[in-house]
Amino acid sequence: MTTAEKMELLAETLEVETDEISEDTALTDLDNWDSMTKLSLIVMFDDEFGKKITSEDIKKMVTVKDILDLME
Amino acid sequence: MYNIVDLTGRQILITGASSGMGRETAILCSKLGAKVVLVARNEVRLQEAMSNLEGDGHAYYSFDLSKVDEIEDFIKMVVSERGAMDGFVHSAGVGSTRPLKLLKPAALREVMEINYFSFVEIIRCLMKKNAYNEGMSIVGISSISSKQGNQTKTAYCASKSAMDASVRCLAKELADKKVRVNAVNPALIKTEIYQQFLNNSGESEDAKNIMQRQYLGIGEPIDVANMIVYLLSDAAKFITGSCVDIDGGRLSS
């Protein structure tokens, strides 16, 4: 998956437009960085990458890049 | 000593028998004299569960219940090798925590197939001639989620509500054949699904509220197994079409 494709998938999961986020975007700056969005992220990782991430993993994520790095 | 839940000589088919409540039920049934037939996907864990059974005459089969269309041949084979059943416990089940936007038909179907379709299909196949003995008792492991909704739990709650509804219908339909059908509805019990819940939402406000309401704490698999063996036994001969809550007080608060 290319970086652009990852950004598109992530934007869909976070329910934002792709041009609203960049690698440096702080997750806490997103309006809807709430428990439902975090859960969506867990399910997306399982569906798209076969990866089981936990709420502990999400706690360590600070920027969009932290998520992108795990998307492989 | 008089034992009201004596299961001596009864043959009980148990799905999801390699872990959690299914495994605990299998062990308890064996202690009460039953011959148990364990079904689950993972052969290694099935063997481990088998090694904990008391008595002899038990058997295990590795089978993936999501292959609903293959259940008919599978049950035929089990019955031809083991003989008729006196009880069936459906403990196989998967948890599902999905926001609506990620609840595509494939995800919904997977949960329904394992938690619900396989339950009805196994009963359908067991109701054939020589596959069951008069007095058979069927117990589905449902959940209080069948009665309480929660965000992201659409598939799981629906699968359990479907089981409850089927229990009421099948109990009436099979009464003439002297077969009883019931469900047990546990709240949070220490199983893998509970661990999933902790991983996904363990620290949410919602999780804290749930734990406050379930004021006897987290249940143990044996708490559910105890009720299941009662429903399997003749002591429960007047109970059919019931969905019994085992919830540490949760629905009362």
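Trainee: What makes β4(B), helix α4 and β5(B) a right-handed β-α-β unit?
Mentor: With the strands pointing away from you, the path from the first strand over the helix to the second runs clockwise, which means right-handed. That is how β4(B), α4 (residues 105–126) of chain B and β5(B) are arranged. Helices (H or I, at least four residues) and strands (E, at least two) are DSSP runs, numbered from the N terminus. Bear in mind this is a predicted model: local features need pLDDT of at least 70, side-chain atom pairs count only at pLDDT 80 or more, and totals for chains, interfaces and linings use all residues. Residues are numbered from 1 along each chain as its sequence is written, with chains lettered from A and ligands numbered from 1 in the order in which they are written.

Trainee: How do you know that β4 (residues 85–90) of chain B pairs with β5(B)?
Mentor: Pairing takes at least two DSSP bridges between the strands. These two have 5, in the parallel sense, and V89(B) has V139(B) as its bridge partner. β5(B) also runs parallel to β6 (residues 180–186) of chain B, again over 5 bridges.

Trainee: Why is M127(B) called partly exposed?
Mentor: Buried takes 20 or more other C-beta atoms within 10 Å of a residue's own, exposed 12 or fewer, and partly exposed is in between; C-beta atoms are placed from the backbone. M127(B) has 16 such neighbours, so partly exposed it is. M127(B) sits in the loop between α4 and β5 of chain B.

Trainee: What makes β5(B) mostly covered?
Mentor: In β5 (residues 132–141) of chain B, 7 of the 10 residues are buried.
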